[in-house]
Amino acid sequence: MVDVVGLGCCCFDLLGVVPHMPGPDEELRMLETRQQGGGEVATALVTLARLGCSVACAGKVGDDAFGNSIRRELDRYGVDTRNLMVEPGALSQASVVLVDRSTGQRSILACVPTFSELLPSQLPPGLIEQARVLHLDGVHRAAALAAAGRARRAGVPVVLDADVLALEGDISEVLRRTDVLIASLAFAGSFAKTEDPDRAIDRLLDYGPSVVVVTLGEQGCRGQAEGQRFHHPAFPVEVVDTTGAGDVFHGAYIYGMLQRWELMKTVEFASAVAAIKCTRLGGRTGIPDRQQALRFLRERNSSYFQTDGPEGGQP
């Protein structure tokens with residue numbers, strides 16, 4: 001038994017802080033640089049591992065230097081990479097991330113990997129069925145669809161990270177096999193063809209998820225579960241870099257699911273963990289452990305996290 005199996009994007013980020021985004025033919029000195037792993041599912045799994053969960057990653061990398069670094073870093077965080085396939089001669093996914101020092105906002109230049117799609121037949125028997133939660137991001141679409149079907153049959157809840165990459169191709173069948181959908185505003189607006197988050201939530205709920213959350217960056221998140229529409233503001237912090245904030249939010253939300261916390265306690269915890277991440281450069285550098293996250297919440301007088309018990313407060 002493993003707490004979470006993740007199937008999706010594993011990449012490597014080359015990050016640089018710049019005084020402002022460069023214009024045409026402009027040369028800038030980067031103020032700070034960092035190299036580390038990234039990817040929606042991979043970073044969510046790292047978040048869960050930091051919070052004390054057992055996690056396993058399925059996906060693909062190439063046998064290049066980036067692929068080796070991706071795997072080594074996941075191993076170092078305690079992510080089980082036995083089902084992260086290495087394709088000989090292929091290039092791994094990598095990104096150059098420029099972070100504007102004045103705002104913490106970033107621009108991403110992504111290279112296209114050359115490895116082949118992971119096939120449903122390459123998912124080992126029992127891998128999905130042994131998990132308490134399956135986490136997807138829409139990458140390796142055929143395998144993701146098959147994994148979601150296997151999870152449904154085994155009674156394993158499916159969480160989907162729907163960002164702009166999920167707009168490539170038809171994601172509707174994966175949505176229909178998703179229990180908890182956490183989408184970026186960019187995905188929700190484009191998919192639902194509206195700039196109104198509430199209308200986008202209504203449209204996404206039509207596909208059958210029991211929970212839909214739309215992340216809104218510095219405006220927090222909006223969502224609906226069990227007929228309850230909610231908004232949770234973002235925690236104010238000194239933002240250094242927003243890279244990976246949504247991925248970290250997903251990991252922390254899944255942590256709340258595993259604790260069987262009520263909806264708003266889970267949302268508050270996920271918002272806090274994502275906010276803490278934004279105070280450091282890179283998608284993973286600032287991910288807190290459980291005690292750091294609980295301390296952050298208690299210092300802000302959270303009504304859900306006021307004791308030193310194993311769940312940080314009332315259930």
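Figure 1. Asp 25 is exposed, with a relative accessible area of 84%. The cut-off for exposed is over 50%, so Asp 25 qualifies. The model shown here and in the other views is predicted. Asp 25 belongs to the loop between S2 and S3. Its phi is positive, about 60°, although Asp 25 is not a glycine. Most residues other than glycine have a negative phi.

**Figure 2. Arg 260, another loop residue with a positive phi.** Where does Arg 260 sit? It is in the loop between H7 and helix H8 (263-277). Phi of Arg 260 is near 60°. That is a positive value in a residue other than glycine. Is Arg 260 buried or exposed? At 72% relative accessibility, Arg 260 counts as exposed.

**Figure 3. Strand S2 and the two strands it pairs with.** Strand S2 covers residues 11-18. The strand is mostly covered, with 7 of its 8 residues buried. Strand S3 (residues 32-38) is joined to S2 by 7 bridges, and the two run antiparallel. Strand S6 (residues 93-100) is joined to S2 by 8 bridges, and here the two run parallel. Look at Phe 12 to see both pairings. In S3, Phe 12 stands opposite Gly 37. In S6, Phe 12 stands opposite Ala 94. In a regular strand the side chains alternate between the two faces of the sheet.

Figure 4. Why is S8 described as largely enclosed by the rest of the structure? Strand S8 (residues 131-136) has 5 of its 6 residues buried, so the rest of the structure largely encloses it. Strand S1 (residues 2-7) pairs with S8 in the parallel sense, over 5 bridges. Strand S9 (residues 158-162) also pairs with S8 in the parallel sense, over 3 bridges. Val 5 stands opposite Leu 134. In S9, the bridge partner of Leu 134 is Val 158.

**Figure 5. Phe 235 and Phe 296, an aromatic pair.** The structure holds 10 aromatic pairs. In one of them, the ring centres of Phe 235 and Phe 296 are 5.4 Å apart and the planes meet at 75°, so the pair is edge-to-face. Phe 235 lies in the loop between strand S13 (228-232) and helix H7 (245-258), and Phe 296 lies in helix H9 (residues 290-299), so the pair ties together parts that are 61 residues apart in sequence. Phe 235 counts as buried at 15% relative accessibility. Phe 296 is buried too, with a relative accessible area of 9%. The cut-off for buried is under 20%, so Phe 235 falls within it.

Figure 6. Which residues form one aromatic cluster? They are Tyr 255, Trp 261, Phe 269 and Phe 305. The charged end of Arg 300 sits over the ring of Phe 296, 3.6 Å from its centre. Arg 76 lies over the face of Tyr 77, at 5.9 Å from the ring centre.

Figure 7. How many cavities of 30 Å³ or more does the structure hold? It holds 1. About 40 Å³ of space lies in the largest cavity. Its lining consists of Gly 8, Cys 9, Cys 10, Lys 60, Gln 93, Phe 115, Val 139 and His 140. By class, this lining has 4 nonpolar, 3 polar and 1 charged residues.

**Figure 8. The largest pocket.** The largest pocket has a volume of about 1,300 Å³. It is lined by 48 residues. Those nearest its centre are Arg 106, Thr 242, Gly 244, Ala 245 and Gly 246. Which element gives the largest share of the lining? H7 does, with 5 residues. By class, the lining has 22 nonpolar, 19 polar and 7 charged residues.

**Figure 9. Asp 64 and Pro 88.** Asp 64 is in the loop between strand S4 (55-62) and helix H2 (65-77). At 16% relative accessibility, Asp 64 counts as buried. How far apart are Asp 64 and Pro 88 in sequence and in space? They are 24 residues apart in sequence. In space they are 8.3 Å apart, C-alpha to C-alpha.

Notes
Residues numbered from 1 in each chain as written. Predicted model: local features only at pLDDT ≥ 70, side-chain atom pairs only at ≥ 80, totals over all residues. Heavy atoms only, no water. Buried < 20%, exposed > 50% of the residue type's maximum accessible area, 1.4 Å probe, protein only. Helix = DSSP H or I, 4+ residues; strand = E, 2+ residues; numbered from the N terminus. Pairing = 2+ DSSP bridges. Phe/Tyr/Trp six-rings, centres within 6.5 Å; stacked < 30°, edge-to-face > 60°. Lys NZ or Arg CZ within 6 Å of the ring centre and 35° of its normal. 1 Å grid on protein atoms, 1.4 Å probe; cavity = no way out; pocket = protein on both sides within 12 Å on 5 of 7 lines; lining within 4 Å. Points joined across faces, edges and corners; volume = space filled by probe spheres on them. Nonpolar A, V, L, I, M, F, W, Y, C, P; charged D, E, K, R; others polar.
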